[in-house]
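Here is a short briefing to read alongside the structure. Please keep the 3D view open as you go through the points.

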Amino acid sequence: MKLSYLTAIWKKSDESVPDYIQRFRDVRNRYFSLNLTDSQVTVLAFQGLTGPIREKFSSQDFESLSHLA
């Protein structure tokens, strides 16, 4: 899997944050050969959130996808 596959995943406008995180997690789990830390995966998922959500939580440090959800 290429890193670009994960960076191309964005939250859909009609999708809740937990649903987006689950979809991101599902894609990540399908391509487990990509060697990234939990923190790196979480940063990629955070970047796929919509602008207003990212702005609201930009001062937070998320350590895992569960924490982000």
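**Charges, core and rings**

By the distance rule used here, the count comes to one salt bridge. Please bear in mind that this is a predicted model. The points below start with the charged side chains, then turn to the core and the aromatic pairs.

**Charged side chains**

- The salt bridge joins Glu15 and Arg23, whose closest N and O atoms are 2.9 Å apart.
- Glu15 is buried, because its relative accessible area of 12% falls under the 20% cut-off.
- Arg23 has 24% relative accessibility and counts as partly exposed.
- Arg28, which sits in helix 2 (residues 17–30), is buried yet has no salt bridge.
- Leaving aside residues up to four places away in sequence, Arg28 touches Leu6, Leu34, Leu36 and Val41.

**Nonpolar core**

- The largest nonpolar core has 16 residues, and those with the most contacts inside it are Leu6, Tyr20, Phe24, Ala45, Leu65 and Leu68.
- Helix 2, helix 3 (38–47) and helix 5 (65–68) are the elements that give two or more residues to this core.
- In helix 3, the buried residues are Val41, Thr42, Leu44, Ala45 and Phe46.
- These buried residues of helix 3 pack against helix 1 (3–7), helix 2, helix 4 (51–56) and helix 5.

**Aromatic pairs**

- How many aromatic pairs does the structure hold? There are three.
- One of them is the tilted pair of Tyr20 and Phe24, with 6.2 Å from centre to centre and 55° between the planes.
- Tyr20 and Phe24 are four residues apart in helix 2, which means that about one helical turn separates them.
- In general, an α-helix has 3.6 residues a turn, so residues three or four places apart point the same way.
- Tyr20 is buried at 0% relative accessibility, and Phe24 is buried at 0% as well.
- Phe46 and Phe62 also form a tilted pair, with 5.8 Å from centre to centre and 35° between the planes.
- That pair links distant parts of the chain: Phe46 lies in helix 3 and Phe62 in the loop between helix 4 and helix 5, 16 residues apart.
- Both Phe46 and Phe62 are buried.
- Ring pairs join Phe46, Phe57 and Phe62 into a cluster.

Methods. Residues are numbered from 1 along each chain as its sequence is written. This is a predicted model: local features need pLDDT of at least 70, side-chain atom pairs count only at pLDDT 80 or more; totals for chains, interfaces and linings use all residues. Side-chain values use heavy atoms; hydrogens and water are left out. Buried means under 20% relative accessible area, exposed over 50%, partly exposed in between (1.4 Å probe, protein chains only). Lys and Arg count as positive and Asp and Glu as negative; His and the chain ends are not counted. A salt bridge is a side-chain nitrogen of Lys or Arg within 4 Å of a carboxyl oxygen of Asp or Glu. Contact means heavy atoms within 4.5 Å. A nonpolar core is a set of buried Ala, Val, Leu, Ile, Met, Phe, Trp, Tyr and Cys residues joined through side-chain atoms within 4.5 Å. Rings of Phe, Tyr and Trp (its six-membered ring) pair if their centres lie within 6.5 Å; planes under 30 degrees apart count as stacked, over 60 as edge-to-face and the rest as tilted.
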